[in-house]
Amino acid sequence: MKACNTDILILGAGPAGISAAVYAKRGGMDVTVVTNGTSALLKAEKIENYYGFAEPVTGKAILDSGIKNAERLGVHVERTELLSVRMNDTLTGFTAETKNGKIEAKAVILASGASRVTPKLKGLTELEGHGVSYCAVCDAFFYRNKRTAVIGAGDYALHEASVLLPHADTVTLLTDGEAAPEGAPDGLEVITKKLAAVEGDEKVSGVRFEDGTVLKLDGVFIALGTAGSTSIARTMGILLEGNSIRVDEHMATNIPGVFAAGDCTGGLLQIAKAVHEGAEAGLFAVKYLRRP
């Protein structure tokens with residue numbers, strides 16, 4: 001791809017981005033989706049809280065099926081890395097720079113998710129899906145009466161810990177050297193020591209600290225904050241609320257022609273919410289382009 005023009009450019013090919021693409025395409029628009037192939041869903045080994053599946057399904061299966069459906073409808077999916085997005089000098093459209101070239105668009109939907117920051121700990125990658133999770137709302141049910149820990153020190157980490165508390169036998173917040181956050185809920189133990197590794201053979205058995213001590217665990221949840229589409233939003237002058245993009249009821253940002261959907265808008269980090277917001281963003285991006 002050297003350069004191309006499209007009506008609606010969508011950043012991200014997860015549930016929010018693909019939902020937006022499908023609705024915009026069926027609304028008669030030329031739609032281009034840019035994805036670098038990464039998604040938090042790729043780390044989901046078993047999903048059983050989403051409508052339409054009789055048996056648990058992997059995140060990868062949901063992602064692949066969504067993209068195939070969009071391409072079947074005629075959505076262009078560009079697998080490349082996005083470098084920047086800016087408003088044109090004429091204020092009538094946008095230009096995206098990718099590793100494969102430029103894309104000119106009349107409207108933009110930010111739906112590249114909220115990137116989960118992953119600590120560089122020995123054993124963590126190997127145990128993803130085997131006791132290492134990135135979503136307490138998704139997996140808390142599986143840790144009833146078990147020992148759990150949340151790695152993080154911010155509001156997101158406290159939220160994940162709060163979700164686990166009614167289910168798990170113990171919940172410990174591991175700040176990995178950062179100061180203990182304010183507002184920790186009752187029943188949450190906080191350990192501020194530096195971490196060295198996540199331990200376990202076929203599943204998590206605990207974490208080891210740099211001082212050599214070990215905390216025995218059945219599950220570890222990663223909650224080091226979110227970024228995702230917010231870096232793009234900042235460069236475009238889009239208003240944020242914390243690390244989340246501020247949108248109205250139709251997923252429109254403060255910049256005319258720019259919409260956002262999914263995890264990057266904050267709130268419930270779930271597929272159902274992302275699909276709904278993507279549909280809303282796609283529909284109202286079409287209405288925006290057809291305004292008198």
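I began with charges over rings, taking NZ of Lys or CZ of Arg within 6 Å of the ring centre and within 35 degrees of the ring normal. Lys193 lies over the face of Phe209, 4.5 Å from the ring centre. Arg291 lies over the face of Tyr288, at 4.0 Å from the ring centre.

I noted the basis of the entries: this is a predicted model, in which local features need pLDDT of at least 70, side-chain atom pairs count only at pLDDT 80 or more, and totals for chains, interfaces and linings use all residues. Residues are numbered from 1 along each chain as its sequence is written, and side-chain values use heavy atoms, with hydrogens and water left out.

I next looked up ring pairs of Phe, Tyr and Trp (its six-membered ring), with centres within 6.5 Å; planes under 30 degrees apart count as stacked, over 60 as edge-to-face and the rest as tilted. The structure holds four aromatic pairs. Phe141 and Phe142 are edge-to-face, because their ring centres are 5.9 Å apart and their planes stand at 80°. Phe259 and Tyr288 are also edge-to-face, with centres 6.2 Å apart and planes at 75°. Phe259 belongs to strand β17 (residues 258-260) and Tyr288 to helix α6 (residues 271-289), so this pair ties together parts 29 residues apart in sequence. Helices (H or I, at least four residues) and strands (E, at least two) are DSSP runs, numbered from the N terminus.

I then checked burial (buried is under 20% relative accessible area, exposed over 50%, partly exposed in between; 1.4 Å probe, protein chains only). Phe259 and Tyr288 are both buried. Phe141 is partly exposed at 45% relative accessibility, and Phe142 is partly exposed at 28%.

I turned to Thr253, in the loop between β16 (244-245) and β17. Thr253 is buried, with a relative accessible area of 11%. Its side chain reaches the backbone nitrogen of Ile255 at 3.1 Å and the backbone oxygen of Val258 at 2.9 Å. Leaving aside neighbours within four places in sequence, Thr253 is in contact (heavy atoms within 4.5 Å) with residues including Ile238, Ile245 and Phe259.

Finally, I looked up nonpolar cores, sets of buried Ala, Val, Leu, Ile, Met, Phe, Trp, Tyr and Cys residues joined through side-chain atoms within 4.5 Å. The largest has 29 residues, and Ile8, Val31 and Phe259 are among those with the most contacts inside it. The elements giving two or more residues to this core include β1 (3-11), α1 (15-26) and α6. Another core, apart from it, has 19 residues, among them Val34 and Ile255.

Note on methods: Polar contact = N/O pair within 3.5 Å; in protein donor to acceptor, adjacent residues only side chain to side chain.
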